[in-house]
Amino acid sequence: MAGECVPEGRDLKEMGEEELWELINDNRHRISLGVRPCILIPYLRQARVLTEMDEDEIVSCHNLTNRSMRTSYMLDLLRTQGRNGAVALLESLMIHYPTLYTQVTGRKPSTEPSRFSGLIKYSELTEYLIRAVTGMQKELQEARCEANRMSTRCASLESEIRQLIEQEEKSRRLQSENERMRRHLCSLQHEVTKLKDEKCDVYMRYTAAIEEKSAVSMRLHDLNLQVYQLQTELQKTQTENEFQKRRSLRCVSHTATPQLQEEVRSLPCQQVKVEKLDPARQDILAQDLAEAIDSQVELAEHLRCYREENEKLLTEKQGLLDQKECLSLQVQQLTLDCNMHQQKNTVIQNQMRELQAERDQAYLSRDEAQAMIARVLAEKDTLRCQLMEVQERVFSLQTKHSPIEQLETCDDMDWGSPTSSCEDSEFPSRPRLRRMDALNPMSLSPCHPESEDAVISSVRSRNAEPPGPESLRRREEALYADSSLETADTDSLLEDFVFLPDMGSEDKQTPRLSSSNGSSSDSVSRTSPPPFLMRSRQKAIRINGRLLSISLQGEALLSQLAVVGGNKTGVFVHRVTEGSAAHTVGISPGAQIVEVKYEQNQKALRMVLEDSTLEEAMWALGQVRGICHLSLRPRQDDYEALLHQLQSNVTSTGDSFYVRVNMSFPAGPNGTLAVSCNDILHVTNTRPAGTEDSWHASQVHPCQLLDLQSGTVPNYYRAQRLLIRAIEEMSFQKKKSQKFWRAVAQNNKKAVRIVSTGRQGRNPLWVSVEEEKTKSTDAGDTSAAKSCLSLMPYTLVTPHYPPICRPVLLLPSVLGRTLNKKLAGWQGFQLCEPEVLSSSEHAAKLQRSEILEECEQGRNCCYTLQSVVKVMKKGIHCVLPLGLDCVRRLHRAEIFPIIIFIGQSARSARKLRSKLQRHGQSEEQLLVCSRSEEPLLDKLPCLYHSVAPDSWCDQASLLTSLRTIIWEEQKKIVWVEPDLW
């Protein structure tokens with residue numbers, strides 16, 4: 001048997017090839033099952049009985065699907081090696097499988113060198129044995145570690161098994177307890193069912209008893225009714241009897257006496273009969289009453305039992321209600337937790353969506369930047385190639401004209417000659433090729449040679465490092481060597497650049513260039529030397545943060561692109577004509593036009609369109625002639641939002657601003673809006689479709705920002721012409737008829753309000769007026785300077801919402817001093833009191849513009865801003881005994897007073913004669929003050945309220961109307977315009 005001990009046989013060295021393989025084949029099955037080829041292959045490879053190819057076939061052959069097949073295939077390969085293969089196999093078994101070696105050969109394994117056949121050298125054998133021993137030690141150590149891990153794992157599994165057993169015991173106990181509780185619950189449910197059945201029976205009996213009781217009570221009621229009827233009949237009979245007795249006593253006749261006696265005899269008989277019947281009935285009623293009382297006692301007993309049962313049921317019901325409340329509280333808590341988790345999930349999802357949107361925006365920005373950089377690099381490479389071509393042409397021309405240069409150098413040695421001085425003066429004034437982005441116009445003067453050299457080196461060099469000074473000097477001398485070469489270079493440069501002269505340096509450089517030749521191209525290039533070069537084609541895009549600067553040929557710019565938007569949303573490019581210059585430079589829809597720069601009449605003009613209206617933007621773009629520079633900002637999301645609003649008819653354009661009308665317009669055809677002077681309009685479209693020189697506007701609710709009636713009104717310049725015409729007509733009518741002028745003056749509605757831009761010299765609504773005015777002034781048009789173009793038919797206004805009570809200012813000031821104390825005596829009003837300040841305080845407040853008005857000169861007694869604020873903090877109106885000068889100081893402090901002007905006439909002044917005389921004033925002083933202060937009201941940057949002279953009859957009615965006006969004005973929006981005065 002394989003497991004038995006085999007006596008030690010012959011030495012392997014003494015056995016032949018056939019004997020060895022016969023020994024191996026006898027134990028082939030045992031070797032195939034117990035040997036792993038991957039362990040024996042290293043030794044067999046070192047013994048040179050297996051090759052690398054044999055090893056690959058044994059290990060990775062797909063036909064050998066298991067270890068036994070691989071081992072058998074290895075034995076077949078070793079059989080081809082003869083005796084060496086058998087010896088090497090047995091030696092490898094002796095090293096790695098000593099037990100199997102003993103079972104096969106019958107010899108004990110040994111690691112002595114003499115026991116090996118010599119197929120492997122001694123040093124190699126020793127090294128292999130050491131490695132084998134080390135590997136077996138590692139395997140032994142790993143096996144021990146694995147055994148320790150397995151033992152630990154077994155211990156943990158045993159502990160888990162014990163825990164599971166304990167849990168199983170607990171679960172069994174819980175199940176038994178659960179079964180017991182279920183049985184108990186079933187028994188309780190049966191008892192409750194029985195109690196409910198008994199309760200139903202009791203209710204039924206109780207109902208029957210109640211019905212019996214009601215029947216008994218009905219029977220008792222009938223008996224009582226019968227007794228009452230009998231008693232009534234008895235009383236009636238007794239009454240009749242007495243009446244008959246009395247009657248018989250009064251009028252008894254001898255003839256009626258026998259009859260009466262008979263009746264008297266019959267009455268006792270009837271009475272006896274009645275008395276015989278009454279005790280029987282009384283006994284019956286008494287018996288019925290006793291029975292009813294007994295049944296009532298029984299019913300009371302049943303009722304008491306029912307009440308006890310009802311109390312028990314109420315107690316059980318209370319317990320169930322308590323359980324229900326606990327469960328409802330738990331449900332509410334779970335609902336709150338669920339809502340909280342839902343809110344958290346919603347917030348997280350929103351944040352994720354925002355992050356995704358930001359990520360997409362960042363990707364888009366990165367792609368745009370990469371595209372811009374690619375375009376910049378492409379254009380830079382193109383410019384470098386063009387510059388290299390120009391450089392090669394210059395060098396070729398330099399080579400051709402070098403003999404002529406030497407001859408001219410020899411002939412012109414006289415430095416004091418006029419010709420040499422003229423030629424020397426021409427060289428530094430020659431226009432040089434410079435990069436548009438890197439050019440500084442201040443560096444064009446002849447006193448900056450270093451900057452010029454740096455510019456030339458940056459253009460002409462293709463290397464990363466700039467050339468040296470010597471190379472630049474040689475190139476400069478070669479460039480300015482000959483006038484014909486200069487002409488050729490200038491002509492070649494004119495193909496790519498447009499020369500624009502500098503008005504400032506023209507006077508200085510023209511005398512030097514008077515000796516130019518007669519050719520037209522030379523005269524252009526010599527008589528007007530350019531201070532800088534502007535490209536006649538598109539320039540590379542410069543990225544300044546999120547602003548893109550693009551240069552293009554801007555002739556008929558509005559035909560190249562279409563714009564939408566306005567001052568609220570910004571002006572965006574809407575469409576770009578294919579094949580146009582704007583399309584060539586890469587302008588696409590969705591870009592906001594921020595700024596436009598262009599040249600006009602040898603002057604650089606700049607138009608900022610970031611907050612301009614659509615009408616302004618189209619006017620500015622229509623003024624562009626020649627090369628222009630557009631500053632664009634990519635805002636695709638805002639552009640798409642604007643398009644969505646336009647398509648859904650939410651808005652017609654991107655314009656939205658508020659203006660104060662300074663003249664009256666009558667209603668007209670085609671939806672023209674009728675407005676009056678000092679009305680507030682909300683302009684929503686400065687370029688409405690189908691109309692020219694018109695705006696689309698709406699009247700504004702006085703107390704809310706709501707649009708009311710809408711229509712068209714004249715735009716700024718048509719309204720300005722209408723205003724000038726109205727003023728001319730009014731002045732003509734004044735000269736023609738003084739009566740007509742007085743009628744106009746007495747009209748409640750003001751015709752015009754004269755507002756101009758005289759002090760600041762510009763129009764805050766339209767920047768183009770400033771440009772036109774500048775041009776007309778430069779041209780020397782004195783008539784334009786004296787015209788009324790500065791008159792403003794509209795002024796911009798902004799809304800303000802005062803949160804507290806506004807101060808009150810009554811005008812004229814003469815009448816205001818009379819009414820202020822009366823008004824301050826009412827509830828909700830208080831008069832502003834002056835303050836006495838020291839000299840230092842007075843100087844400090846005067847410097848901070850906190851003094852509204854001086855009371856007395858020399859005493860530092862004045863009305864201050866703090867006194868007004870102190871009264872306003874109380875939540876009441878502060879009555880200001882001041883003049884119109886305090887209004888602007890209050891506006892600077894964000895305080896907007898209610899200004900009420902009480903119109904005066906001779907008739908209304910007579911009504912206040914006694915009041916004025918008490919304060920030392922006269923009617924003439926009141927009228928003079930009213931006429932002087934009324935024109936100043938138009939110069940205020942806010943609206944005011946006028947009271948007609950014939951709207952009140954005495955002081956009491958005037959104060960009542962003033963209080964109503966103040967209450968109405970407090971609710972209104974305060975519209976404030978920029979202070980143009």
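Here is a short chat about salt bridges, a charged patch and a strand pair in this predicted model.

Me: Happy to start with charges: how many salt bridges are there by the distance rule?
Reply: A pair counts when a side-chain nitrogen of Lys or Arg is within 4 Å of a carboxyl oxygen of Asp or Glu. By this rule, the count of salt bridges comes to 23.

Me: Which helices does the pair Glu17 and Arg79 link?
Reply: The side chains of Glu17 and Arg79 meet in a salt bridge at 3.5 Å, N to O. These two residues are 62 residues apart, and the pair links distant parts of the chain. Glu17 lies in helix α1 (residues 17–26) and Arg79 in helix α5 (residues 67–79), so the helices you want are α1 and α5.

Me: Where do Glu177 and Arg180 lie?
Reply: Their side chains form a salt bridge at 2.2 Å, N to O. The two are 3 residues apart, about one turn of the helix, and both lie in helix α8.

Me: Which helix gives the largest share of the negative patch?
Reply: Good one to look at on the surface: Asp197, Glu198, Asp201 and Glu309 gather there in a patch of negative charge. Glu198, for one, has its place in helix α8. With 3 residues, the largest share comes from helix α8 (residues 122–250).

Me: Is strand β6 largely enclosed or open?
Reply: Strand β6 runs antiparallel to strand β5 (residues 561–566), joined by 6 bridges. The two form a hairpin with 3 residues between them. Because 5 of the 7 residues of β6 (residues 570–576) are buried, the strand is largely enclosed.

Technical notes:
Residues numbered from 1 in each chain as written. Predicted model: local features only at pLDDT ≥ 70, side-chain atom pairs only at ≥ 80, totals over all residues. Heavy atoms only, no water. Patch = residues over 30% accessible without salt bridge, like charges linked within 9 Å, V, L, I, M, F, W, Y side chains within 5 Å. Areas by Shrake-Rupley, 256 points an atom, 1.4 Å probe, with all protein chains shown as cover. Lys, Arg positive; Asp, Glu negative; His and termini not counted. Charge placed at Lys NZ, Arg CZ, Asp CG, Glu CD. Helix = DSSP H or I, 4+ residues; strand = E, 2+ residues; numbered from the N terminus. Buried < 20%, exposed > 50% of the residue type's maximum accessible area, 1.4 Å probe, protein only. Pairing = 2+ DSSP bridges.
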